[in-house]
Amino acid sequence: MPPANVRRHFLSWEHPLLPQAVEFLAMGWKGDRPLDLSHLLVVVSTSQAGRRLREGLAAHAAKYQQAVFAPRVLTPEVLITAQDAAKIASRLETTLAWIDVLLDVELEAFREVFPVDPPARNFAWALRLTQQFVKLQVTLAEGGLRMVDVAEKAGKFVESARWRQLGALEQLHAEKLAESGLVNSATANIAAARSPAVPEGVDKIILLATPDPLPLALQVVAGVAETIPVEIVVFAPESEAENFNDWGLPRVETWEHRVFDLPRFAEHVHLCADPVAQAERIAKVARAYGQPEGLLAVGSVDAEVLPPLETALRAKNLPSYNPEGRAQKQAGFYQLLLALASLEKEATFESVETLARCPDFCASLRTRLGAEFSTAHWLDGLDDLRERHLPATLAAAREHAKLSKRPNLKLIAALEVVDEVRALLRRGDFATSVSNVLSLIFSTRTLEPGRETDGDLEEAISAWMDAVRACAEASGRFARLKRGDWWELALKTFGDTQLTSEKTAGAVELQGWLELLWEDAPHLMVAGFNDGRVPEAVAGDAFLPESLRERLGLKTNAARLVRDAYILQAMTSSRRESGRLDVLFGKTSVSGDPIRPSRLLLRCADAELPERVNFLFREPELAGQNVPWARAWKLAPRQADSPKRVSVTALRGWLKCPLRFYFRTVLEMEAVDPVKSELDARDFGTLCHSALEAMGKDEAMRDSQDEAALREFLTTHFDQEVRRRFGVELTLPLLVQVESARQRLSKAAAVQAQERAAGWVIEEVERKFELPVGEVIVAGKIDRIERNQLTGAVRVLDYKTSDSAVAPIKVHLDKPDEKTPEWALFQLNRKEVAWTDLQLPVYLEALAAAGFGREVTCGYFNLPKAAGETGLELWEAYSPELRDAAWRCVQGVCAAIGAGEFWPPRELKGWDAELDDFASLFHHGAAASIVWKEAKS
């Protein structure tokens, strides 16, 4: 029961709140002198509401050409904040004290809290728990409680022992802070609320349209009300008085199941597909207003809607303004800090690439290395290092860059700068090293305060250095923490701060749910009206489940439901006669997960419920006309002359798709994998080929039947090649692949010993050839040519390191399709087949032209994943008819290449489509994505 001098007042919700609140505060003022409200302390729900109130008072006084001495306007959170800042621990100091307690405490004495020991009792574990405990303290303090109070207040319940131990931990935390003369802010707030002081110069407190104040805030107000009057202003008509308690809060029993009368429900409630669709709908309406300020207000109760909403408004040339600002962790400067922290912790190549992609760092490189430095070439050089060498560390990357056949001097210089940055990061104490590195990066940068991005950067750097200085001041008392720990704490402290900016003229304000009660624009659109957002809900709290919250008198989901039900009713009523309220909700979240409409939208008469359910759960509305999909642009490849020389493997590419052949062979396009972490099929095969080639060139080895000696030779040469190309520091995926290759080569040694015992001797390896075919020269290298000492037979072998053993006939022949050229067709066993590869047939033709005759056989030396399948797969049935058909196909492909026939493309299917390097260039088909005539005209 509130004190006797607490009075309630009611404002009609038939009209907007803001002008009525201004009139209430200015009651009795005639405009003949300045409006002096400095003797009042006004409590409003949010800081944005306070801003709107002060603006409204200023506008009201300006009508009479008078000034206003504004009241002190506070939120409930500020009202309960203790003012003795010299003794109150900062968030960082509170965190550090908890970390100390958790790292020192005997876990055995707190088994109700720590039933099992953590896998690693270290800083990371302590920080995670600290964040939970700090949040728990703040939540309990909102109700005037400490951890130690919970067991007594809640009475006997199953978690009593756990909470007693939590209270004991909290006491240890308080003692740790007391050693430095500090007290936890939550504890200080509770103590201050027990004997609140009336602020100097204040003779009245007004709780103005605050339907959900913190319990501790009400305790403060009640305490102050013993000495000065308190007025509770409720935004609802007098006829609703019984539906609010003495403090102006909506009563649970009357609002929990209240039916809403939302006029023209189907016209004003909009189901959209997702946050993007909601954003586009709002932006379209805003654009229709031309200058929406004062006419249209926008609110979002779902954080997922804000980014696409800002984007959609920007696309309509409408500026937007988020009064809450955005967290620093969403800005580019924070990403630069993350990259520096990663580089300081470990000089991995990934950390180098992350830093390299930070615009501020690239700008510093351009200044440092001169105008010839190119960010594109810098990033291209890093991609090339990853593609060729998979360096694990910065040191390995520098070494590979220096040893390159064609050293990229700018790449080498840029990597040296990165190395210098890391040296600075690890030199001196944390604060000094951070300051030195930022000085290095921004020393030549001139910030222009008038430019928004520069202003944001300046604010961010200032906030970051504040966090760094706070860590530096605390480091003396917490010497156990390492440099990386201070990085993490500073980033956490900085990342949670808000980056604010000035509102530009005419900007559309993107307001939160509680602020919308104060919005007086006639048209209000509210996005994100889904369950869990409205009403706001807390689920799965590890320490404070809903039942315990209720017993402790804390905010519950039921209380939030009641608050949000009231706000919806107030917003609806204030626009019933003159205005419009549109509510938008999504069918799915950004990630595509289904979400439900707010349960408040189902508050209707029982007879209307089936129709309401069908309306809310139907398929989403389309944002606009359902037009067919169309391309915004098509590719027009540049014109290039047909090649006069092609590799034998390129013939397979033309048969698969002439257009892709043109891209890869003529234009020399190739895909780059910026996150490559292991060998691709080509890399893997090249390394294995290198060892097998070396064996074939070594006279002793190619004549050896000793499996162990062959295995030792192959694996040793392979290891040497790996070290040459990738260094000694290998990534884990590379280590796995290296071991797989060594196993394959070990099995290949056994097969080699068997074949040599059967009389087969390696005669040549990597034999180069050039075979003229019409106007085109087909070139290549034959992996291996053997001759049998016993029979004189000759055979040619190609190494295959694919996942599974393959047969030559299955690689070279397949089913034809409607685009297969006639010269590529062949009848085999009464079935029509098509040539898909010509490698082995060309090898045989090249050897025949070199005097080996036409009795040479061919096949594969398979080295698959399953070592047991390693062995030779010969094309025993390669007949003269097949040979003639293959040569006809070779001539056809070469004639087409010579004539510049690279169109039409083939639409790849199955596994070929999965491995298509050019898939990202084509949408809904390659043929429809290319303007070929323009390219060849």
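**Group meeting: sheet and aromatic pairs**

V269 stands opposite V583 in β15. Let's start from there. This is a predicted model, where local features need pLDDT of at least 70, side-chain atom pairs count only at pLDDT 80 or more, and totals for chains, interfaces and linings use all residues. Residues are numbered from 1 along each chain as its sequence is written, and side-chain values use heavy atoms, with hydrogens and water left out.

First, the sheet. β8 and β15 (residues 580–586) pair in the parallel sense, over four bridges. Pairing here needs at least two DSSP bridges between two strands. Helices (H or I, at least four residues) and strands (E, at least two) are DSSP runs, numbered from the N terminus. Six strands make up an open sheet. The order is β8-β15-β14-β9-β13-β10, with parallel pairing. Which strands sit at the edges? They are β8 (269–272) and β10 (320–321), each pairing on one side only.

Helix α13 (residues 306–315) packs on this sheet. α13 touches β9 (296–300), β10 and β13 (508–511). Contact means heavy atoms within 4.5 Å. The direction of α13 makes about 170° with that of β13. Axes are lines fitted to C-alpha atoms, for helices over the stretch in contact; angles run from 0 to 180 degrees between N-to-C directions.

Now the rings. How many aromatic pairs does the structure hold? There are 31. Rings of Phe, Tyr and Trp (its six-membered ring) pair if their centres lie within 6.5 Å; planes under 30 degrees apart are stacked, over 60 edge-to-face, the rest tilted.

Take W98 and F133. Their ring centres are 5.0 Å apart and the planes meet at 50°, so this pair is tilted. W98 is in helix α4 (residues 91–104) and F133 in helix α5 (residues 123–141), 35 residues apart. W98 is buried, at 0% relative accessible area. F133 is buried too, at 0%. Buried means under 20% relative accessible area, exposed over 50%, partly exposed in between (1.4 Å probe, protein chains only).

Next, W835 and W875. Their centres are 6.4 Å apart with planes at 55°, so this pair is also tilted. W835 lies in strand β22 (residues 831–835) and W875 in the loop between β24 (871–874) and α34 (880–898), so the pair ties together parts 40 residues apart in sequence. Both are buried.

There is also a cluster linked by ring pairs, including F661, Y662, W903 and W932.

Last, charges over rings. R795 lies over the face of W760, 3.8 Å from the ring centre. The cut-off: NZ of Lys or CZ of Arg within 6 Å of the ring centre and within 35 degrees of the ring normal. K800 has its charged end over the ring of Y860, 5.0 Å from the centre.
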